[in-house]
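Please look over the model below before reading the notes. The report moves from overall figures to single residues.

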Amino acid sequence: MGKKVKKEAESPPKDVFDPLLVESKTPATAVLMLSSPENEVLAKACDALYKFASKGDENKLTLLGLGAVEHLYKLLSHEDPIVRRNAVMVFGIMASNYDVKKLLRELDITNTLIPQLAPEEDVVIHEFATLCLTHMAVEYTTKVKIVEQGGLEPLIRLLGSPDPDVKKNSVECIYLLVQDFQNRAAVRELNVIPPLLGLLESEYPVIQLLALQALEVICKDRESRIILEENKGIDFLLNILENSELSDLHIETLAVLGNCLQDVHTLQLIQLTGGLEKLLSFLEVSTVPDIQKNAAKAITKAAYDAEILKILHWEEVEKFLLSLLETDSDEVKVAASQAISAMCENIDSKRILGLQGIPQLVQLLSSDNEEVKEAAVTALTNLTTASPRNASIVAEAEGIEPLMNTLNAQRDGAVANAIAVLTNLSLQEPYRVTIRSRGIMSALARPLRSTNSQVQSKAAFAVASFGCDADARTELRNAGGLGPLAALLHSKNEEVRRNACWAVMICASDEVAAVELCNQGALDILEEINQSTKRKNKFSEAALEKLLDNNLPQKYSRTGYLSPSNIITDGFYDCGQVKHGKKFLSLEELSKQELTDRRAIIFINAR
């Protein structure tokens, strides 16, 4: 057998080239041959470099270091079609490397590649030119160049190529280009949607998948959704969902349909043709977490519009969302809770979700997953706002204890919403008493120190809501909450400042608290706020008045008068007018000063 191989391997005639073999040790030879004047040598050198580059990233870097890119670039405009084809093939492979890509951008390779997409060019050139463009299109500046240099039109035309690799590369490149929103309008005008829908019938799943991904991005624009519907695209998509053999495409199909739910007109058409019922039927039986999650997210996006909410409610979407709360996937629970929050904008949905969903959401407050906890408590906030009935359901579901525990959650959103739900419950006296007995005022001291404005605002609002009785105010004072409350008066956030003023006004009802708030600088800050036409509000004025009325020595020292309703009792003292910016001293501080020839301090002590 060995002898036979030797006999067959005879020397070739002198006028025929040996096949050019390039091993990893000798790529330099092939690079040198790129300077040959012979077309056949050039073609074979390119072919050898293609094989070498295909073996891995290290080889691509070797060729880059040998200067192969610059030589190959010149061959892209070579008159010989085979040389040109083989050079394009090398670039298709090499462009996947980051360093090569960087040099290709400098050489402005897109400007040379786009003309190679002309209909008369070889299909192999189409394949590797589109592959190179796809590698290049991941970077923003190159996307801009491809569009400016007229690359969109030939790429869309090549979606109809008979070659599956050309289709795959072209659709992937388009998908990358439309990530930038300004390109979506451009591809729409070039009528990209019909050929993309055509690719959904491809026998290659990767092409179908890329077509769906491109459609999902393009259909974020309303105009594109209209064209999709006009081209029976919704039917195409629903047929994919109904085909169990195409289950690998269901997630992406649902993403496209999710965009269509955001448009009232399209949604009404889907509903009228029975498509929405089909869609929900599919979702209700699906157990794929990504499908469930994406469906809930699509509902959240769509729920911005009152008419859409009516349609979703009519189709009983609440039932589907409530079922998602029972899944094992935390991501699905988060998405479902967020969708429930969004559906609360519809009063009928809010009633149904409250009655059936609140007990489940209360259970999720004990989840180990902080994101689940935050999404659940946010849903409870939306369900209980302006709904005493839903607030009662939270209390009946034993939700107060887990809500109190959520005040110590790691995520600011969870803390803020837990405070909001407890505040919503406080509007009903029995629940306010229960929450007070669980130590709400002590618990609020920590959120008052938060750096998050949402937490600060909700915490100050809760102080005002729960601080109606003296024991509650004493609890807050003993927990060290008055200092951070006074500090919130400095906030640049209007809502925080307003709620802090309201809380100070409530807390200042007690003389001891009023004195401490004054010592914490609340009086000075409120005077400053009330001098500003922009920052002043009715709460800041009322808070200042309440502070002074419950700290009469300071009021008399600052204003020089007392109101008829101000009653002097034991402990009142007159130390004279204190200049603005100077500290108002307590009796104890004054008693430690040495005697001077200044006016005497008058102290009332009738007993």
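## Model and confidence

This is a predicted model, in which local features need pLDDT of at least 70, side-chain atom pairs count only at pLDDT 80 or more, and totals for chains, interfaces and linings use all residues. Residues are numbered from 1 along each chain as its sequence is written, and side-chain values use heavy atoms, with hydrogens and water left out.

The protein chain has an average pLDDT of 90, and 87% of its residues reach at least 70. Here pLDDT is the predictor's confidence in each residue, on a scale from 0 to 100. Residues 1–17 stay under 50. For that stretch the model has four contacts beyond four places in sequence, a contact being heavy atoms within 4.5 Å. Residues 21–25 also have pLDDT below 50, with five contacts beyond near neighbours in sequence.

## Overall make-up

The protein chain holds 40 helices and two strands. These are DSSP runs numbered from the N terminus: helices are H or I with at least four residues, strands are E with at least two. Of contacts between residues at least 6 apart in sequence, 67% join residues at least 24 apart.

The chain has 607 residues, and 51% of them count as buried. Buried means under 20% relative accessible area, exposed means over 50%, and partly exposed lies in between (1.4 Å probe, protein chains only).

## The α23–α24 pair

Helix α23 spans residues 317–324 and helix α24 spans residues 330–343. Their axes come within 8 Å and cross at roughly 145°. Axes are lines fitted to C-alpha atoms, for helices over the stretch in contact; angles run from 0 to 180 degrees between N-to-C directions. The crossing is left-handed: by definition, the near helix is turned anticlockwise from the far one by less than a right angle.

From α23, the contact uses V317, E318, L321, L322 and L324. They meet V332, K333, A336, A339, I340 and M343 of α24. By class, the contact residues are nine nonpolar, no polar and two charged. Nonpolar covers Ala, Val, Leu, Ile, Met, Phe, Trp, Tyr, Cys and Pro; charged covers Asp, Glu, Lys and Arg; the others, Gly among them, are polar.

E252 sits in helix α18 (residues 250–260). E252 counts as buried because its relative accessible area is 19%. Beyond its neighbours within four places in sequence, E252 touches L209, L212 and Q213. Its C-alpha atom is 9.7 Å from that of Q208, a residue 44 places away along the chain.

T381 belongs to helix α26 (residues 370–384). With a relative accessible area of 9%, T381 is buried. Its contacts, leaving aside neighbours within four places in sequence, are N417, A420, V421 and N424.

## Two loop residues with positive phi

N191 is a residue other than glycine, yet its phi is positive, near 60°. N191 lies in the loop between α13 (181–189) and α14 (193–199). Its relative accessibility is 43%, so N191 counts as partly exposed.

E316 is not a glycine either, and its phi is about 55°. The loop that holds E316 runs between α22 (306–314) and α23. E316 is partly exposed, at 43% relative accessibility.
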